[in-house]
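Please look over the sequence and the model shown here, and then read the briefing below, which goes through the metal site, the pockets and a sheet in turn.

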Amino acid sequence: MVYLKTDDEIELLRKANLLVSATLTEIAKNIRPGVTTRSLDKLAEEFIRDHGAEPTFKGFPNPYGPAFPASICTSVNEVVVHGIPDDRPLQEGDVVSVDCGTTLNGFCGDSCYTFCVGEVSPEVKALLDATKAALYAGIDQAYPGKRLGDIGSAIQDYCVERGYGIVREFVGHGIGKKMHEDPQVPNFGRRGSGMPLKNGLCIAIEPMITMGERHLAMLPDRWGVVTRDGKPAAHFEHTIAIHHGKADILSTFETIEAIERQQH
Ligand code: MG
Ligand code: MG
C-alpha cells in the first residue's frame, strides 16, 4: 500500500530528514583516523535525543537475529550496509558509510553518506563520487510522468558504464510514519517500467555500489553485509518528496560537504 503525503506531512518529513543531515554533519566534524565507530554512534544518539527525536535504527528488528543495537549503521570498506559500530579505531584510507534514521513528531528521516577517513586512494574516491552522482541521476528522474523503473535504470546505467557493481538485495523504499513503506525503489530497472510517480510520493533513494563484483555475504553478527570479493563499497541516500511536479530533496549533503571542503 503506497501512502501519498499531504503538504503538511511532507514538511514533517523534511524536519526529520534535516535532523538526520545535521547528525551526519556532526559525524563529518568528528570522523578521522583513530576515532571508533562506537564513539560516533554515541555522539549521534545524544545529538538525536537532544533534538527531541528517537534514533529509528536502535532496536530495529532483524528477521535473522537480534535487534539492531545502535543508532547508526557504520559500514567500513568492504562492509556494504548495516555495519554495527565497534571499538576498532578508524584508519587513514578507510571509507565509512554512515546511515542514520530519526523519528521526529511521528515521521521518519533516513539518509546515508560515505565518508573518507583522511586521504583515500583515487580509485576509492572515484567510487564514492560515482555513487553520489548516481544517486542524483536517479533523483533527476523522480517527477510525475516518470515511473519507478526510470529511477533505477538511471542509477544502473551510470554505474555500469563505469564498471561498478550494483547491489540488488537491498533497495530504497517509501518513507513516512514508518521508515520502510511501499514501494520498493531498486537501484536497477527498465526505463518506462514500474509504478507511475505521483505528487505526494515520498521515497528514499539509496544506491549501494561496489568496486568489484556485486555479490554479498552476511557477517556472523547477522547484520553487517560485506562484498564477497572483499573490495570496497559505497552508499549514499537521500529522502525525497515528489512535490509540485518535481523532486524535493528533504535531506541535504550541503553542510557535510562544507565540512569536507574545510578538511581537504
Ligand atoms: Mg538509510
Ligand atoms: Mg533507507
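Asp110 forms a bridge between the magnesium ion (ligand 1) and the magnesium ion (ligand 2), which lie 3.2 Å apart. This is a predicted model, in which local features need pLDDT of at least 70 and side-chain atom pairs count only at pLDDT 80 or more, while totals for chains, interfaces and linings use all residues. Residues are numbered from 1 along each chain as its sequence is written, chains are lettered from A and ligands numbered from 1 in the order in which they are written, and side-chain values use heavy atoms, with hydrogens and water left out.

- Glu206 lies in the loop between S9 and strand S10 (208-210) and Glu237 in the loop between S13 and S14, so the pair ties together parts that are 31 residues apart in sequence.
- Asp110 counts as buried at 2% relative accessibility, as do Glu237 at 0% and Glu206 at 6%, where buried means under 20% relative accessible area, exposed over 50%, and partly exposed in between (1.4 Å probe, protein chains only).

**The pockets**

- The largest pocket holds about 720 Å³ of space, and among its 31 lining residues Phe60, His82, Phe170, His180 and Trp223 lie nearest its centre.
- On a 1 Å grid over the protein atoms alone, a pocket is an open set of points where a 1.4 Å probe fits, with protein on both sides within 12 Å along at least five of seven lines, and lining residues have an atom within 4 Å of a point; a volume is the space filled by probe spheres set on the points, which are joined across faces, edges and corners.
- S8 gives the most to the lining of the largest pocket, with four residues.
- The second largest pocket has a volume of about 240 Å³, and its lining of 17 residues has Cys116, Lys125, Leu128, Glu260 and His264 nearest the centre.
- At least two residues of this second lining come from each of S5, helix H3 (122-139) and helix H5 (254-263).

**The sheet**

- Five strands make an open sheet in the order S8-S7-S9-S14-S15, with antiparallel pairing, and two strands pair if DSSP finds at least two bridges between them.
- S8 and strand S15 (246-249) stand at the edges, each with a single partner strand, so one side of each is left without a neighbour in the sheet.
- Strand S9 (residues 202-205) and S14 run antiparallel and are joined by four bridges; Cys202 has Ala241 of S14 as its bridge partner.

Technical notes: Donors are N, O and S atoms within 2.8 Å of the metal (3.2 Å for Na, K and Ca); water is not among the atoms, so sites may look incomplete.
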